[in-house]
Every structure is written in structure tokens, then in C-alpha cells.
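Please look at the sequence and the 3D structure below. The report that follows walks through a few parts of the fold.

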Amino acid sequence: MNPVTMQLVADKYIRLALEEDIHCEDVTTNAVMPDYKKGEVQLICKENGIIAGLQIFQRVFTLLDPDTVVDFKAKDGDPVQKGQLLAVITGDIRILLSGERTALNYLQRLSGIATYTNTVVKLLEGTGTTLLDTRKTTPCMRIFEKYAVKMGGGQNHRYNLSDGVLLKDNHIDAAGGVKEAVAAARAYAPFVRRIEVETENLSMVKEAVEAGADIIMLDNMTPEQMSEAIRIIDGRARTECSGNITKENIRTIAALGIDYVSSGALTHSAPILDISMKHLKALEP
């Protein structure tokens with residue numbers, strides 16, 4: 001995540017997370033550590049995975065105190081092992097204690113997404129199919145979660161509703177049909193925007209092709225239906241499948257020649273990666 005993005009977008013969400021956790025004060029820390037004392041603590045990985053969110057982890061502490069120093073031993077996107085030292089954090093012990101949970105929440109969550117994404121990406125190796133995320137993200141966490149998907153080797157679908165045209169079932173119903181929806185989108189959206197249509201059956205696939213859709217999503221179709229849909233499309237649009245995608249069937253689906261597979265599970269169902277801050281100690285002045 002570049003510094004401009006961090007300052008303009010990420011900082012406001014990190015501040016909200018800190019305000020949620022600290023509110024007016026950290027009662028426990030203020031009780032046991034009323035005055036400044038310099039210290040250091042280690043960041044240790046407790047299971048194998050892919051690390052993501054180290055900059056966000058660091059930013060939690062530097063927002064609380066710019067003098068906090070984080071010496072990283074790994075970088076985002078790296079594979080990490082159980083017991084591995086990821087960083088040493090040095091600064092005001094009060095800051096290390098107060099920022100710990102918020103910083104770890106980000107790092108564990110993002111590393112979990114990167115790790116899960118990476119397992120799916122490996123299943124698609126050699127197929128020519130690209131793995132995409134969706135907008136099924138945690139509110140106010142999208143910028144972080146989509147970043148984690150990329151660190152795991154996946155790619156991002158549209159970021160938000162302003163980022164692209166995706167005509168889903170309700171849009172099509174509202175417009176009066178696939179042809180009408182595509183025509184309306186083509187007339188309204190800037191010419192640089194590609195138009196994607198979600199289809200649920202082969203009849204809709206035919207309509208989407210005839211209407212000139214750029215991307216056709218095959219939603220909740222069986223492999224047999226997808227194979228026929230690809231035959232109908234015949235290279236006239238890019239293809240994406242979504243729904244009912246599992247680790248067990250994803251290679252079978254990719255083997256059909258699908259261009260993209262989108263999976264909400266990357267962000268809504270990935271378990272966290274277990275990471276801890278340990279061995280806090282005071283340093284001599």
C-alpha cells in the first residue's frame with residue numbers, strides 16, 4: 001500500500017478502529033504503566049501462512065506515537081513459518097500495550113485472507129484462469145481486505161459501485177431485460193467502462209452475447225451448463241464464473257476455459273492467521 005493511499009484513505013479507518021478500542025483511555029495500561037518507559041516487544045508468527053498488512057500494523061503504532069519504531073524481518077506477500085520472528089517494535093511501552101490488539105486484528109485478518117487466497121491460487125496454477133475477489137467484504141475493511149487478496153496472489157474485481165458496470169439479476173429486472181439493461185448501461189457509462197452481465201441460464205447467456213456484453217458472468221451454473229455457455233459465447237466476451245466454487249471443483253471449472261473465477265469466500269470466510277506480540281521488556285534509558 002503506497003504512502004499516499006495510506007494517508008488519504010487508510011488512516012481514517014485505522015483511527016476509527018483505535019477510537020473504538022481505546023475510546024477515552026486504556027485503563028489497564030494507565031494503571032500498570034503511568035509514566036513513560038521505553039521498551040520493545042517481538043512480533044511472532046504462530047502458524048504457517050502468507051503475511052499481509054505489516055504496514056497497517058506499523059501505522060497503528062505510529063498514529064499513536066510517531067516515535068514508535070518497527071524493525072521488520074519480513075515483507076508483505078512473504079511465506080512465513082510457525083515460530084518466525086516477523087518484527088521487533090520499540091517505543092513507549094504504553095503505546096505498545098494500547099495499540100497491540102488493534103494492530104494484531106488487522107495483521108491477523110489480512111494475513112488470513114492472503115493465506116487462504118494463496119491456497120486457491122495454487123489450485124489454479126497452469127490453467128490460465130484468474131482468481132478474483134468480490135465486494136463481499138467487511139464494512140470499512142475493503143481497502144485492506146482487497147489488498148490482502150493481492151498479497152495472496154489473487155486479483156481484484158471492481159473496488160466499489162463507482163468502479164465498473166455489473167448488471168445483476170435485479171438490475172436486469174429493473175431495466176426490463178438483458179438487452180435493455182446493456183443498452184442503458186452502454187448509453188450512460190463512460191466508453192472506457194466494460195459492461196459485465198450476470199447470467200443464470202443459457203437463455204440469458206445468448207441475450208448477453210447478442211446485446212454486446214464485454215464480460216459474461218456464469219452464476220451458479222453446473223460445469224455442463226458452463227461448458228455450453230462458453231461454446232455459445234465463442235470468444236465474443238470474456239467469461240467469469242461465480243457461485244458454488246469450492247477447492248474440490250475449481251480445477252474442473254478452470255479446465256473448461258473460464259477466464260475468471262470470482263469468490264466471495266476469499267474475504268468473507270478466510271480464517272485469521274495466528275500472530276502474537278510476545279516478550280515485552282523494558283529498555284535502559
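Six strands form an open sheet, with parallel pairing, in the order β6-β11-β10-β9-β8-β7. Strands here are DSSP E runs of at least two residues, helices are H or I runs of at least four, and both are numbered from the N terminus. Two strands pair if DSSP finds at least two bridges between them. β6 (130-132) and β7 (165-167) stand at the edges with a single partner strand each, so one side of each has no neighbour in the sheet. From one strand to the next, the twist averages 25°.

This is a predicted model; local features need pLDDT of at least 70, side-chain atom pairs count only at pLDDT 80 or more, and totals for chains, interfaces and linings use all residues. Residues are numbered from 1 along each chain as its sequence is written, and side-chain values use heavy atoms, with hydrogens and water left out.

**One edge of the sheet**

β7 runs parallel to strand β8 (residues 195-199), and three bridges join them. L167 stands opposite V197 in β8.

| Helix | Strands | Angle to β8 |
|---|---|---|
| α7 (residues 178-188) | β7 and β8 | about 160° |
| α8 (residues 202-211) | β8 and β9 (215-219) | about 165° |

Angles run from 0 to 180 degrees between N-to-C directions, and axes are lines fitted to C-alpha atoms, for helices over the stretch in contact.

**A helix pair**

Two packed helices are described by the angle between their axes and the distance between the axes. How do α1 and α4 pack? Helix α1 (residues 3-22) meets helix α4 (residues 93-123) at an angle of about 130°, and their axes are 10 Å apart. The two are therefore oblique to each other; angles under 35 degrees count as roughly parallel, over 145 as roughly antiparallel, 65 to 115 as roughly perpendicular and the rest as oblique.

From α1 come Y13, I14, A17, L18, D21 and I22. They meet S98, R101, T102 and Y106 in α4. Contact means heavy atoms within 4.5 Å. By class, this contact of α1 with α4 has six nonpolar, two polar and two charged residues.

**A residue in β5**

L86 is found in strand β5 (residues 85-92). Is L86 buried or exposed? It is buried, with a relative accessible area of 0%. Buried means under 20%, exposed over 50%, and partly exposed in between, with a 1.4 Å probe and protein chains only. Not counting residues up to four places away in sequence, L86 touches several residues, including L43, I44, F72 and I275. L86 and G53 are 33 residues apart in sequence and 12 Å apart in space, C-alpha to C-alpha.

Note on methods. Ala, Val, Leu, Ile, Met, Phe, Trp, Tyr, Cys and Pro count as nonpolar, Asp, Glu, Lys and Arg as charged, and the others, Gly among them, as polar.
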